[in-house]
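Thanks for coming, everyone. Let me put the structure up, and then we'll walk through it.

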Amino acid sequence: MKTFEKILELGGIKRDVIFLVISGAALVLSLFNLVELPFDPAWIAIILCGVPIILEAVYGLVTAFDIKADVLVSMALIASVIIGEDFAAGEVAFIMQLGALLEDVTVAKARAGIEKLVHLTPRTARVITASGEKTVMAEEVRVSDRLRVLPGETVPVDGEIISGETSVDESVMTGESLPVDKGVGDKVKSGTVNRFGAFEMKATAVGEDSSIQRMIRLVQSADADKAKIVGIADRWATWIVVIALVAAAVTGLITREIIRAVTILVVFCPCALVLATPTAIMAAIGNGAKRGILVRDGGALERLANVKFITFDKTGTLTYGKPQVTAVQAFCGQSEERIFALLASAELMSEHPLGRAIVEEYTRRNGKKPKKPNAFKILPGKGVEAETDGVRVTAGNKVLMTACGAVGYKNAGAGEWLKTGGTVIYVAIDGKFSGFAVLADTIRSDAGDTIKEIKRQGVAPILLTGDRRETAEFIAENAGIENVKYQCLPEDKMAEIEKMQRAGKQVCMVGDGINDAPALKKADVGIAMGGIGSDIAVDAADIALVRDDIAVLPHLLALAGRMMRTIKLNMTFSMALNFVAIVLAMTGILNPVVGALVHNAGSVLVIINSAFLLGWKYRKKA
């Protein structure tokens, strides 16, 4: 008894699996009469699998007059038990419970993303008062309070910098991997990370009004809009129940044989119809898994088959998500090799992503790390300064060049690189402008072909990015995307998706960052980059690309369409089988046990047809 109580305490899916295993064994014992028991072992399946179906059917009818497939199943179960056909009742209950389990597995969705967003919310803040600095809970901060944020700390509330300079990692809000230089008068948002210099700020939005709290509410509201898919059998349940009852009643009245009427109820049970959708979805999930596609919500594949627009984030989705050195130019008699060597040496001790990218590229090209500088200094929000190889190297942005008097950068022609989405690091040697390096987040090599294949399937691609216009348009042009929306905050991406949905179009969103979570939830189908993407983005999505390979997207779209065709074929076959079986039951050729076995065979054929999806491959059009 204690063991049974422990089983009841398990989660729904685990408990159903145990009940199905026990019921399956009991049905085998009943069919072949393997063990002498004081009762038919089929009763085990009736109790474990059938009783929950009957209770759910009764509850639905009484509370909302909701007629689903389990109403007909319940009638068949009760009728079979009344006339003593225990095996038929147990077999029908087992098949129906198996179909319900498969559907529960395919539509199960994790909701850990919202919890992780909550954990991102800063817990404490450093408030500057007349008596000094004190640490308080973040929710105690009030508008106009003066705060201090140290390097490495998370900004506790929205505000404006009133003293100090720094670089802030805003990827949580914009998705962009590069820190943004900030100074007096610049805005900072809660949840973003201060990377380098300390600064003081004035709070402008606190508590529920802060940026990170607004994002949490966006994810929650978007998730609430996604309803669980309704099974095909349940959508047709009313008609199935009416037809079955009429056929059983007419046959019983004409033949005066109740067993024929019961047989009609048994054979009309939509076993194969219930399995038509979940088995195809499970097979499609298995097909995707072999290609690094993790489908977390089976209903997403059904929705994906009807998608008309697919929206892309830029950083980490269409691009590799990390800056790379794309060009080095030298001036004033310097060689590009020397400029790059001095720049790499100056950046060797830097923790800035751009600095690390420069060091990595130098090491890759030369097979060794750059020379260690004799002196090194970080200039927050501007760049670095170092003494190396007998010279003073200053590397950073325009503000730093102006500050050190290296004004020659103005005529260096770096503006053309900025138009292509690059970031320019200027280099001065002993206070004289001598060259620059260009870094950019490069587009994925297979992005163009992927977009082309998506278009061939009749789906329109759209780029939604938090990046600036020049970068967005450059990446879009190279990927073959005509529709571009730039400088999008999380709520902007969500609004664009809502606009398309209001027009009656189903939308898919592909992203990788925390800032994409609301859009991934809001879209009819959310696809996250599972490798480099944030855990929160993956948890918010219905599908994850484990290997960050967007080249599998055309296969995924085509697989969804193929799956729907398989489901429709399964449904057509199962309904045809039902009507043939009814005719045979009316004429007395089938009895309840044989009818149940016919249904079992029909269910097996549906499963076999669905299994063909496991080996299906998408072939590009010539």
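Predicted model: local features only at pLDDT ≥ 70, side-chain atom pairs only at ≥ 80, totals over all residues.

First, what pLDDT does the protein average, and what share of the residues score at least 70? The average pLDDT is 80, and 84% of the residues score at least 70. Confidence is highest in strand 11, residues 307-312, at a mean of 94. It is lowest in helix 1, residues 2-9, with a mean of 44. Two stretches to flag. Residues 106-117 have a pLDDT below 50, and this stretch makes 37 contacts beyond near neighbours in sequence. Residues 221-230 are also below 50, with 25 such contacts.

Look at one pair. Ile527 has Ile543 in strand 22 as its bridge partner.

Keep Ile543 in mind for the core. The largest nonpolar core has 90 residues, and Leu304, Phe312, Ile543 and Leu553 touch the most other members. Helix 24, residues 553-586, gives the most to this core: 14 residues. Which residues does Leu304 contact, leaving aside neighbours within four places in sequence? They are Cys508, Val525, Ile543, Leu556, Leu557 and Ala560.

Last stop. Another core lies apart from the largest one. It has 22 residues, including Leu342, Leu343, Leu354 and Ile429.

Notes. Residues numbered from 1 in each chain as written. Heavy atoms only, no water. Pairing = 2+ DSSP bridges. Helix = DSSP H or I, 4+ residues; strand = E, 2+ residues; numbered from the N terminus. pLDDT = per-residue confidence, 0-100. Contact = heavy atoms within 4.5 Å. Core = buried A, V, L, I, M, F, W, Y, C linked by side-chain atoms within 4.5 Å. Buried < 20%, exposed > 50% of the residue type's maximum accessible area, 1.4 Å probe, protein only.
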